[in-house]
Amino acid sequence: MKRIAAGLLAVLVLLVISAAGPAGVAAQPKEVVIGVLYPMSGPNAQPGIDNKPVIEIGADIANGAVDLPFPFYQKLKGMPGLKGAKIRLIFADHQGKPELGQAEAERLITQEKVHALVGCWHSGVTATASQVAERYGIPFLNPESSSPGLTRRGLKWFFRTSPHDEHFTQGMFEFFRDFEKKRGVKIATAGLTYDTSLFGADSGKVMKDLAKKYGVEVVLDLQYKERSTSLQSEVQRLKAANPDVWMPTSYQTDAILFVRTSKQLDYNPKMIMAQNAGHLSPDFIKAVGKEAEGTLSRAPFSTDLIAKRPVAAALNALYMKRHSKDLYDFPARSFTGFMTLLDAINRAGSTDPEAIRKALVATSIPGDQLIMTWEGIKFDETGQNTQVRAIIVQLQEGKYHTVWPWDSATREVLYPIPAWADRK
Amino acid sequence: MAPAGTLRPVLTRGLLLAGLLAALAFPAVFTLPFPRHVMIMIFLYGALATAWNIIAGYCGQISLGQAVFFGIGAYTSSLLFRDAGMTPWAGMIAGVALAVGVSQVVGYPVFRLRGHYFAIATIAVGEIVQALVVDWDAIGGARGVFVPIRRPDSLVNFQFHQSKAFYYYIALGLLLLALAVTRRIERSRAGYYFRAIREDQDAAAALGVNVRREKLRALAVSAALTAMGGTFYAQYILFIDPESVFPLSLSILICLVAVLGGVGTLWGPVLGAAVLVPLQEGTRVMLGGTGKALDLLIYGALIIAISVFQPGGLMALLARARTAGSAR
């Protein structure tokens with residue numbers, strides 16, 4: 001009995017201590033605490049592991065430990081808006097699971113007292129974690145999830161800097177228009193092939209909707225079975241329809257088989273516009289990189305841009321030093337989102353959530369200061385960045401190069417793709 | 001029961017009462033959401049493992065497809081709530097009905113298999129159902145379902161945004177229900193049939209036990225309780241997708257919790273959840289942000305240690321301590 005009483009007493013003492021917590025908030029905050037939610041373990045951990053160093057670089061820039069000599073980043077140095085308050089990061093792992101995203105967001109907000117949250121890569125996790133932020137009224141910045149629905153939930157505290165899936169496809173059709181103007185050719189008909197997966201089905205639907213909007217006639221609308229052993233009949237039908245542009249959506253194995261079958265059956269499309277995925281995978285390039293010469297695809301960021309954009313080159317040098325890896329799509333987008341948040345906090349001049357939210361709403365960052373090739377960052381009332389722009393890349397001499405938008409291009413568009421008979 | 005005279009039952013009962021009171025008082029003492037969340041997860045996984053224990057622990061049929069029933073419970077109530085505005089409580093009943101129906105349809109052929117083959121077949125069923133849901137566009141496919149947020153908090157809508165206390169008590173209620181059902185089965189005729197089947201199916205059949213019918217009954221009870229857990233999860237997390245409510249890893253985790261605590265005992269699954277969930281949450285909170293997966297390493301090592309040194313689970317460990325105590 002005595003022991004139980006002692007135990008109870010100990011528990012009570014602990015409770016009192018934990019309930020007291022840190023004392024009240026000072027008028028001028030000394031630090032800004034930001035919770036960063038990414039997958040750090042498990043099968044989908046790569047994005048989290050690659051994004052962590054770039055977020056740390058971002059915090060170091062604001063804390064004055066690292067220099068990125070461009071006006072937008074110089075402005076954030078030492079967080080002048082908060083009189084030199086330091087940025088403190090708390091990383092949390094959600095393993096790609098929506099329920100962990102929710103629990104961690106809640107813990108970061110209520111126990112670590114974060115002033116804002118950044119994350120979470122996986123659309124499903126972003127969905128649950130941002131709901132928690134909404135509930136507690138804490139700004140949530142999402143740099144990369146691509147599910148269009150995320151910004152259609154009517155949330156007040158949710159902001160997304162990255163394009164979503166519909167923007168990407170729109171980029172392809174805008175490219176057609178620009179290309180018609182520039183080269184005086186006509187892209188009036190399209191042939192769509194996509195598989196039965198969710199990604200394929202979604203892509204097919206968006207492409208059909210946008211084709212109608214942009215006045216491109218769909219002369220072939222072909223859904224095929226994923227991971228087929230033969231694509232002969234599909235290629236025959238493409239050949240018969242002979243569209244101005246062939247728009248495939250495929251995972252890797254099908255993408256490779258399509259190229260081989262086209263060669264076999266002598267199908268010579270003038271233009272191929274792929275929906276990312278299989279056509280951009282390293283194994284695709286390895287297997288049929290030479291045969292697939294001239295394949296176009298949409299992409300959010302391309303490594304060849306690093307050389308062309310001084311900001312990206314400078315950041316890449318910092319990233320390389322810390323992580324021994326070139327900057328690519330994921331860290332590039334993550335950094336962009338994180339710096340957007342820091343900019344808002346700096347302008348808010350306070351860690352008050354409502355002040356940060358208002359500053360985020362008023363965000364206006366010019367495109368030339370960004371790592372990404374966007375026109376800038378400005379949020380609409382749903383929290384979606386409206387200044388996003390997809391880029392189009394083309395496979396030339398075994399490597400993807402940026403060919404559109406014209407001002408970001410590192411190569412000219414190869415058109416038409418040489419016929420099989422004319423290749424050596 | 002151990003030979004300790006009449007004192008033991010009284011003691012046990014007192015201990016249980018104290019535990020129950022502590023559980024009831026917990027939210028009043030811990031007001032931060034995170035400790036409450038950990039307790040809710042203990043109750044939820046405790047209830048799921050208790051449900052699994054009925055089919056696997058008592059009846060001896062190792063099911064590795066429990067996620068099917070969990071997912072059905074989650075999807076049924078969420079879709080009825082979203083599309084028909086039906087309160088998730090009614091959706092929970094619908095989910096239970098559907099899960100029981102599916103358990104009977106699937107169980108009928110699958111129960112022809114025994115032992116490992118049965119376990120393998122349940123894995124296959126789980127994978128098939130997950131694949132179907134991923135490709136089923138009408139119910140959201142791989143994108144999942146957002147449970148619409150309704151304010152203010154209400155019991156009818158099964159949503160509480162201001163405080164986790166309601167979720168806490170509902171989860172506790174779910175666990176108590178699962179325990180009560182198990183207790184009832186343990187002492188009923190069906191409970192003896194179940195255990196007879198577990199010990200020797202052919203002998204049970206020879207004694208006149210309708211083996212298939214009893215197995216189907218055990219599975220139905222297990223499926224019903226698991227589906228209720230699914231509805232709770234959906235209302236608690238407010239977002240479900242096939243990857244979070246239908247995965248094989250969930251079926252295995254349920255099994256792991258029960259095995260760790262002690263299979264075929266009333267309190268084993270609860271004990272397993274009470275150890276495993278805080279361990280998982282604790283290691284992740286302390287080490288998860290490092291990106292080195294240390295938390296998972298420690299978590300895995302502890303599970304291996306327990307299964308190597310005490311394959312009977314924590315209940316066996318307790319029983320051993322008890323017999324050692326009374327022998328002295």
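Mentor: The model is predicted, so local features need pLDDT of at least 70 and side-chain atom pairs count only at pLDDT 80 or more, while totals for chains, interfaces and linings use all residues. Residues are numbered from 1 along each chain as its sequence is written, and chains are lettered from A and ligands numbered from 1 in the order in which they are written.

Trainee: What is the mean pLDDT of chain B, and how is the model scored as a whole?

Mentor: pLDDT is the predictor's confidence in each residue, from 0 to 100; for chain B the mean is 89, and 95% of the residues reach 70 or more. The model scores ipTM 0.79 and pTM 0.79.

Trainee: How many helices and strands are there in chain A, and what makes a stretch count as one?

Mentor: Chain A has 14 helices and 14 strands. Both are DSSP runs numbered from the N terminus, helices being H or I with at least four residues and strands being E with at least two. The C-alpha trace of chain A spans about 90 × 55 × 40 Å along its principal axes.

Trainee: Why is A:Q170 called partly exposed?

Mentor: A residue is buried if 20 or more other C-beta atoms, placed from the backbone, lie within 10 Å of its own, exposed if 12 or fewer do, and partly exposed in between. A:Q170 has 19 C-beta neighbours inside 10 Å, and therefore counts as partly exposed. A:Q170 lies in helix α6 of chain A, where the buried residues include A:F168, A:T169, A:G171 and A:M172. Across chain A, buried residues make up 48% of the 424 residues.

Trainee: How do you know that the span of α6 of chain A is close to the expected one?

Mentor: The expected span is 1.5 Å times one less than the number of residues. Helix α6 (residues 165-183) of chain A has 19 residues and reaches 28 Å from its first C-alpha to its last, which is close to the 27 Å expected. After this helix comes A:G184, with a positive phi near 65 degrees. In chain B, helix α6 (residues 165-187) has 23 residues and reaches 33 Å, close to the 33 Å expected.

Trainee: What is B:A171 in contact with, and what makes two residues count as a contact?

Mentor: Two residues are in contact if their C-beta atoms, placed from the backbone, lie within 7 Å. Not counting residues up to four places away in sequence, B:A171 touches B:I40, B:F43, B:L44 and B:F232. B:A171 is also one of the buried residues of α6(B).

Trainee: What makes a set of residues a nonpolar core, and which members touch the most others in the largest one?

Mentor: Such a core is a set of buried Ala, Val, Leu, Ile, Met, Phe, Trp, Tyr and Cys residues joined through C-beta atoms within 7 Å. The largest has 201 residues, of which A:L117, B:F43, B:L44, B:A171 and B:A224 touch the most other members. Helix α2 (residues 33-58) of chain B gives the most to this core, with 16 residues.

Trainee: How many residues does each chain bring to the contact between chains A and B, and how do they divide by class on the side of chain A?

Mentor: The contact takes 27 residues from chain A and 26 residues from chain B. On the side of chain A, α4(A) gives the most, with seven residues. That side divides into ten nonpolar, nine polar and eight charged residues, where Ala, Val, Leu, Ile, Met, Phe, Trp, Tyr, Cys and Pro count as nonpolar, Asp, Glu, Lys and Arg as charged, and the others, Gly among them, as polar.

Trainee: How do you know where the domains of chain A lie?

Mentor: Domain bounds come from an automatic or database domain assignment, which for chain A gives domain 1 (31-163 + 307-377) and domain 2 (166-299 + 391-422). Their C-alpha centres lie 33 Å apart, and the contact between them takes four residues from domain 1 and seven residues from domain 2.

Trainee: Why is A:G349 called partly exposed?

Mentor: A:G349 has 18 C-beta neighbours inside 10 Å, so A:G349 counts as partly exposed. This glycine is found in the loop between α13 (329-348) and α14 (353-361) of chain A, and, leaving aside neighbours within four places in sequence, A:G349 is in contact with A:G81 and A:L82.
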